[in-house]
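Dear colleague,

I am handing over the structure below, and after it I set out what was found. Please read the notes beside the coordinates.

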Amino acid sequence: MLKNSYAFSGFSVKDLQKAKEFYSDTLGLEVKENKMGLLELHLEGNHPIIIYPKPNHLSATFTVLNFKVDDIEKTVDELIKKGVKFEIYGGDIKTDEKGISRSDKGPNIAWFRDPDGNVISVLADK
């Protein structure tokens, strides 16, 4: 029934202006404001991702957005220079001092949070 429908993803933030600045200035993404006043992230080859305000927003405890990159080391270094702080994990998922989890079972991946605490990742095949 929905197989051929137009689908897109979205997530909430508390502060739309902070989100707009972070996603456009820090991450370098194309961010547009739509007719309803919501933000749209425009990524090549994808449907826009909607970011909407929610006054009682609670940060997602899971990854809401993943970016596949060619070179995780370079990407993490560039984002750190722009002020992004990567999550450091210890338990089942271990990261190095930069925040990169290296695994022989999947991609190398590093997680960080947007200004409202939503979890985002960059990941790269080895």
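Tyr 23 counts as buried because its relative accessibility is 0%, where buried means under 20% relative accessible area, exposed over 50% and partly exposed in between, with a 1.4 Å probe and protein chains only. Please keep in mind that this is a predicted model, in which local features need pLDDT of at least 70 and side-chain atom pairs count only at pLDDT 80 or more, while totals for chains, interfaces and linings use all residues. Residues are numbered from 1 along each chain as its sequence is written, and side-chain values use heavy atoms, with hydrogens and water left out.

The aromatic residues come next. The structure holds six aromatic pairs, a pair being rings of Phe, Tyr and Trp (its six-membered ring) whose centres lie within 6.5 Å, with planes under 30 degrees apart counted as stacked, over 60 as edge-to-face and the rest as tilted. One of these joins Tyr 6 and Phe 8, whose ring centres are 6.2 Å apart and whose planes stand at 50°, so the pair is tilted. Tyr 6 is exposed at 55% relative accessibility, and Phe 8 is exposed too, with a relative accessible area of 53%. Phe 11 and Tyr 23 form another tilted pair, with 6.2 Å from centre to centre and 55° between the planes. This pair links distant parts of the chain, since Phe 11 is in strand E1 (residues 10-13) and Tyr 23 in helix H1 (residues 16-26), 12 residues apart; helices (H or I, at least four residues) and strands (E, at least two) are DSSP runs, numbered from the N terminus. Phe 11 is buried, with a relative accessible area of 5%, and Phe 11, Phe 22, Tyr 23, Phe 86 and Phe 112 form one aromatic cluster.

Helix H1 also holds Ala 19, which counts as buried at 1% relative accessibility. When neighbours within four places in sequence are left aside, Ala 19 is in contact (heavy atoms within 4.5 Å) with Val 13, Leu 39 and Ile 51.

Glu 40, in strand E3 (residues 39-42), deserves a separate look. Glu 40 is buried yet has no salt bridge, and the nearest side chain of opposite charge, that of Lys 32, is 6.4 Å away; here Lys and Arg count as positive and Asp and Glu as negative, while His and the chain ends are not counted. A salt bridge is a side-chain nitrogen of Lys or Arg within 4 Å of a carboxyl oxygen of Asp or Glu. The side chain of Glu 40 does make a polar contact of 3.4 Å with that of Asn 34, the term covering a pair of N or O atoms within 3.5 Å, of which, within protein, one must be able to donate a hydrogen and the other to accept it, and residues adjacent in sequence count only if both atoms are side-chain atoms. Beyond its neighbours within four places in sequence, the contacts of Glu 40 include Glu 30, Lys 32, Pro 48 and Ile 50.

Lys 32 itself forms a salt bridge with Glu 30, the closest N and O atoms being 3.3 Å apart. Lys 32 is partly exposed, with a relative accessible area of 39%, and Glu 30 is partly exposed at 42% relative accessibility.

In total, the structure holds seven salt bridges. Glu 73 and Lys 98 meet in one of 2.9 Å, N to O; because Glu 73 lies in helix H2 (residues 72-81) and Lys 98 in the loop between H2 and strand E6 (100-101), the pair ties together parts that are 25 residues apart in sequence. Lys 98 also meets Asp 77 in a salt bridge of 2.8 Å, N to O, and this pair links Lys 98 in that loop to Asp 77 in helix H2, 21 residues apart. Asp 77 is partly exposed, with a relative accessible area of 31%. Salt bridges that share partners join Glu 73, Asp 77, Asp 96, Lys 98 and Arg 102 into one network.

Finally, the unreviewed UniProt entry carries the annotation "domain: VOC" for residues 5-125; UniProt positions are given in the numbering used here, feature names are shortened, and annotations may be inferred rather than shown by experiment.
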